[in-house]
Amino acid sequence: MQILEIATKGYSDIVEITSSVADIVSKSKIKNGLCHLFVIGSTASLTTCENDTNIFDDIREVLEEIVPYKKNWRHHKTWNDDNGAAHIRATILGPDLTIPVSNGQLILGTWQSIILIECDTRGRGRKIAVTIVPEVL
Amino acid sequence: MQILEIATKGYSDIVEITSSVADIVSKSKIKNGLCHLFVIGSTASLTTCENDTNIFDDIREVLEEIVPYKKNWRHHKTWNDDNGAAHIRATILGPDLTIPVSNGQLILGTWQSIILIECDTRGRGRKIAVTIVPEVL
Amino acid sequence: MQILEIATKGYSDIVEITSSVADIVSKSKIKNGLCHLFVIGSTASLTTCENDTNIFDDIREVLEEIVPYKKNWRHHKTWNDDNGAAHIRATILGPDLTIPVSNGQLILGTWQSIILIECDTRGRGRKIAVTIVPEVL
């Protein structure tokens, strides 16, 4: 397992991390198998998307309609903070993503990038655990 | 593969299962790799969240807005039952979760717990398949 | 890794692929482990659901309420096309799914099927990467 560190901004900043992950995969001894990514923490998520700032804005618009940041969430009473929406978004989107590895390369579509969605209301230093497991016994 | 059995209540009961999973991981021969969890059945989901009853209530509120239990879903005609929303919620949230294992321990954030969301309208005896795969050949 | 090819229709066509995946699993040398599925491309998703056309229609109704196809998404300006909703749906639902394998068989609930959701606005020839990794060293 290796840790990939990514700095984010708040309010559903979307950071494209494909080349950082591909670098780790290319240096691994495992040429065929799976690359598993897990963002450590309960207010961020990993998924795939085209690397396009327009679609990133569209995603933020949908998330804001479903789970608005300004709503008076019950969670705000737990810690007297403001990131209830962050927890809900991250729980629905999920913290993990697994991508196939073949001949030392990530298998992704032409327009398919790996993205980190920072759901929290402030910038964070995110740690993503990268684990590669082999296909063959 | 081992089966973890969890009793739930209906209507999006959220059950925190981190320590039960950590027990299985600590007894495994595999010290570094991935711990995969899969809830068997089509009306429950696995994800991560802070273990806070306030945020659990917030999550239920959002799910109820997006996919209300009382709506007259087409699926109710298939079996003459009442759990259409359960199927939709579970399909959107997904049945699986994979967490890294390092030195025999789950890698999770300080406030990040593993949760089972029981989407069904009645309590169930859930079976979660726990599979640990090794990182190194 | 093997590639499973599936032809789809547009506008959130849902295709049940359980038996196609089970065929690949049954021919694998790995009898116990994990079967990982990944849809290559940024406008489709994999998850599980009961194989029922009524619930498929219900899922499409919920997705259309959250992320309508006809909305004037910013992404349409990027390529002058019409599939912004497809990208958003696929990013929220996610491209990957992992299912346990025991004694050469997929572990699924009685009513739990593997489904491909074609989020794009036109039919596509989808490629799903199927990778099986072993449980035991």
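# Exercises on a predicted three-chain model

In chain C of this predicted model, strand β3 (residues 33–39) is joined by 7 bridges to strand β8 (residues 125–134), and the two run antiparallel.

**Exercise 1. In what order do the 5 strands of the open sheet of chain C lie, and which are the edge strands?**

Solution. 
1. Start from the pair above: β3(C) and β8(C) are linked by 7 bridges.
2. Next, take the other partner of β8(C): 6 bridges join β1(C) to β8(C), again antiparallel.
3. The complete order is β1-β8-β3-β5-β6 in chain C, with antiparallel pairing, and the sheet is open.
4. The edges are β1 (2–7) and β6 (105–106) of chain C, each of which pairs on one side only.
5. As background, strands of a sheet pair through backbone hydrogen bonds.

**Exercise 2. Which residues of β8(C) stand opposite Gly33(C), Phe38(C) and Glu5(C)?**

Solution. 
1. Gly33(C) faces Pro134(C).
2. Phe38(C) faces Ala129(C).
3. For Glu5(C), the residue opposite in β8(C) is Lys127(C).

**Exercise 3. Why can β8(C) be called largely enclosed by the rest of the structure?**

Solution. 
1. A residue is buried if 20 or more other C-beta atoms lie within 10 Å of its own C-beta atom.
2. In β8(C), 8 of the 10 residues are buried, so the strand is largely enclosed by the rest of the structure.

**Exercise 4. Where is Ala86(C) found, is Ala86(C) buried or exposed, and which residues does Ala86(C) touch?**

Solution. 
1. Ala86(C) belongs to helix α4 of chain C.
2. Within 10 Å there are 29 other C-beta atoms, so Ala86(C) is buried.
3. Leaving out residues up to four places away in sequence, Ala86(C) touches Thr43(C), Cys119(C), Asp120(C) and Thr121(C).
4. The C-alpha atom of Ala86(C) is also 8.2 Å from that of Ser12(C), and the two residues are 74 residues apart along the chain.

**Exercise 5. Which residues of the largest nonpolar core touch the most other members?**

Solution. 
1. The core has 108 residues.
2. Take Cys35(A) as an example: beyond residues up to four places away in sequence, its contacts are Val21(A), Val25(A), Thr98(A), Ile99(A), Val101(A), Leu106(A), Val130(A) and Ile132(A).
3. In soluble globular proteins, nonpolar side chains tend to be buried together.

**Exercise 6. How many residues of chain C are in contact with chain A, and which elements of chain C give two or more residues to that side?**

Solution. 
1. The contact involves 26 residues of chain C and 31 residues of chain A.
2. On the chain C side, β3, α3 (75–79), α4 (84–93), β5 (96–102) and β8 give two or more residues.
3. The most come from α4(C), with 5 residues.
4. By type, the chain C side divides into 12 nonpolar, 11 polar and 3 charged residues.

Technical notes: Residues are numbered from 1 along each chain as its sequence is written. Chains are lettered from A and ligands numbered from 1 in the order in which they are written. This is a predicted model: local features need pLDDT of at least 70, side-chain atom pairs count only at pLDDT 80 or more; totals for chains, interfaces and linings use all residues. Two strands pair if DSSP finds at least two bridges between them. Helices (H or I, at least four residues) and strands (E, at least two) are DSSP runs, numbered from the N terminus. A nonpolar core is a set of buried Ala, Val, Leu, Ile, Met, Phe, Trp, Tyr and Cys residues joined through C-beta atoms within 7 Å. A residue is buried if 20 or more other C-beta atoms lie within 10 Å of its own, exposed if 12 or fewer, and partly exposed in between; C-beta atoms are placed from the backbone. Two residues are in contact if their C-beta atoms, placed from the backbone, lie within 7 Å. Ala, Val, Leu, Ile, Met, Phe, Trp, Tyr, Cys and Pro count as nonpolar, Asp, Glu, Lys and Arg as charged, and the others, Gly among them, as polar.
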